[in-house]
Amino acid sequence: MSTPPRVPARAAAGRVGDPPAPPARAGTDTRHDIVSGGIGESPLRPDGTLKVTGQFAYGSDLWADDMIWGATLRSPHPYARITAIDVGPALATAGVYAVLTHEDVPGLNRYGLEHADQPVLADEVVRYQGEPVALIAADHPEIARRAAAKIRVDYEVLAPVTDAVAALADAAPDLHPGGNLVRHLKLRKGSVDLTTGDPAADVVVTGSYRVGMQDQAFLGPEAGLAAPDGEGGVDLYVATQWLHVDQRQICAALGLPPEKVRLTLAGVGGAFGGREDLSMHIHACLLALRTGKPVKMVYNREESFFGHVHRHPATMRYEHGATRDGRLVYVKAEIWLDGGAYASSTPAVVGNAGTMGIGPYVVANVRVDAYGVYTNNPPCGAMRGFGSVQTAFAYEAQMDKLAAALGLDPVELRCRNGMELGCEAPTGQIVDSPAPVAELLRTVRDLPFPPKENQGSNGHDLRALPGGVANTTHGEGVRRGVGYAVAYKNVGFSEGYDDYSTARVRLEIVGGEPTATVHTAAAEVGQGLVTIEQQICRTELGLQNVVGFPKDTSVGSGGSTSASRQTYVTGGAVQAACQRIRERIFAMAQRRLGHTIADLRLEDGGVVSASEGRLMSLAALLREGAIEETVQWRHRPTYPVDPETGQGFAHVQYAFAAHRAIVDVDTELGLVRVVSLDCAQDVGKAMNPDAVLGQIHGGSAQGLGLAVMEEIQVQAGRIRNPSFTDYLIPTILDTPPMRVVVLEYPDPNAPYGLRGVGEPPTISSGPAIAAAIRAATGLDLTRIPIRPEHITGTWND
């Protein structure tokens, strides 16, 4: 194994686990009050101080002796045939160690999360602007970039396919051998012959909707360091979301077995789905193995926009039919998701969009067709909300439109049709845990309203008005609107995927104190998983000292840090490993005592009995050596849906959230200020209350961004705004106060009754803001993000 790269000394410790500070908040589970920092509390994050003081080492901070730098040459064309590549001028550049093309890939020149359809380096055809064509290694990053510019590539430029609906037409050229359709999910429930509408529907509303391409906009760019081990293998230190699937794809491209390709998680500066696919992983390893030197690759911000997948743009058509008293009779939907040049996770995104595409409502008759499509636009894949974000914008707009047609309050209409425990989902799956849709909606509706700013020039703070910071208004033309939305999201992987995680827990005496070390490969991307792992160990083992081992592939897979699954699945694995250790401790204690005791528990570093008190310390029990357990844990199985009807037990868990948005809109200039964005969410069990709030705040802000500002502008397959100057994300000035109400209705099938938290607030926040803008303007806004020209009427798209 190669020597690990160096990071700044103050951040070099790979283990995280200093003794926790006193809990910031008391837990609700009094059984565990003896241990501070257990579940239900909010202990200090082990990486928190390093991050807020600027001492945490991210992937871009990696360094190794004798390190050189890698760079990538990318296609300037969205669609073209490669006719020739001349690397001679680049190789002749002083300081260049290697230049590689597709001919230098020793294994399979294809990779992909679900389908290996994407070249490691383009061979015959480039299918999107920014596709990697060649790699350069040099002793300075600027030399590598200049050498890349010297590579001569001859292209035969082809007409790109850029419209997802048109890509499925017979006249469209096939971008891949199997055609342009990645997946078509058909969902049929009840009366499927709805071509002319259901005769029982008294009121019918229709609508067409579009969602733009959103970027994950993580602050830490793609970065990694590959170090050859001198024996034909390589160690890769990389910021990622899924170590073992990365390893699988890298091994295939390098033609090496897993034991020769070892991955360690570098510091991750945000992810949100954008690091689930490979970026520079294989490229750095290829250059390291070719040159025999450690190779570091770091994308700049512009390259990052070309180097990872984005949220799928969507085109959607909906039709809702209801009775006069507001009961939904049927829903029809057609959903087109633009997957871009390669499949990535498009099949699963289509599965989510289709199976949950009518929202958290009970509807007897459903017909949904969801399509994932290849185009020559940038590749799209996982992003927070994963297919549910796009459809929520459409179905919630439809519910508002239906409420207006019926003369009903939009909250009441949603409550009348909302899911509840025991209802049937559109897939025919019975919802077997609490689904408090109506309670969430009524909770946000009943929260206090913020005061309304004076709409004049009589001395009030202009900064409280839309555009007021720039002195564009003194209140004239400003209108207030209120909007509501509710949404739901599956937790974990679905449709029969073997979703599991592995945890290794070791209990030993360190410095005279019982100490647990927890080791998983589940990526910490900023969400706080390392904290949760420690909290579970403290709770289950009744001790204080817990150390987190660096995340790497020397332990079994932790699965992807996505789908709001890690606290559920990796948390379940850590809990199970701790329970096995606890059983062994109890057995050891009873052997030493010479009799059986039925009511043993671990508490405050010792074995305790309710009937006999404290029996012995863990330090005494562990004198003979450490105890270690490794557990591979799975949630209950899901199953593929029927290919013709979409029926089946597709999802292991649903999570629900509702938002109320209040906006002020300058109807003359089209400027929007979100005044408040309040949320109610059921989390099952607040494992770490402060972290739960952080997830809801952050998810809500990301939904706000999509609603009013965030969009990758793609014209004729080319990205027009690959920078944070032109791709806008919410700042502190854009982010409003957020009241959050957390409900805790346990899921009986989940560890501790918990639900995934991270994604639902991203799904319902944007539609609530869009609804509020419609309420303020009276406009039928059918596209997000909503831009000023949409409001002022100057939009021509």
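Contact here means heavy atoms within 4.5 Å. Welcome to a predicted model, in which local features need pLDDT of at least 70, side-chain atom pairs count only at pLDDT 80 or more, and totals for chains, interfaces and linings use all residues. Residues are numbered from 1 along each chain as its sequence is written, and side-chain values use heavy atoms, with hydrogens and water left out.

**View A. Helix α16 lies across strands β16, β24 and β25.** The helix covers residues 760-777 and runs at about 155° to β16; axes are lines fitted to C-alpha atoms, for helices over the stretch in contact, with angles from 0 to 180 degrees between N-to-C directions. Helices (H or I, at least four residues) and strands (E, at least two) are DSSP runs, numbered from the N terminus. The open sheet has the order β16-β24-β25-β28, with mixed pairing; two strands pair if DSSP finds at least two bridges between them. At its edges are β16 (478-490) and β28 (740-743), each pairing on one side only. From one strand to the next, the twist averages 20°. Strands β16 and β24 (residues 654-666) run antiparallel and are joined by 13 bridges, and Val 486 can be found opposite Ala 658 in β24.

**View B. A sheet of 3 strands has the order β4-β2-β6.** This open sheet has antiparallel pairing. Because β4 (125-126) and β6 (152-157) each have a single partner strand, one side of each is left without a neighbour in the sheet. Look for the 6 bridges between β2 (residues 80-86) and β6, and for Asp 86 opposite Arg 152 in β6.

**View C. Trp 242, Phe 493 and Tyr 497 form one aromatic cluster.** Rings of Phe, Tyr and Trp (its six-membered ring) pair if their centres lie within 6.5 Å; planes under 30 degrees apart count as stacked, over 60 as edge-to-face and the rest as tilted. The structure holds 14 aromatic pairs. With ring centres 5.0 Å apart and planes at 80°, Phe 493 and Tyr 497 are an edge-to-face pair. Phe 493 is buried at 14% relative accessibility, while Tyr 497 is partly exposed at 40% (buried is under 20% relative accessible area, exposed over 50%, partly exposed in between; 1.4 Å probe, protein chains only).

**View D. Helix α12 is mostly covered.**
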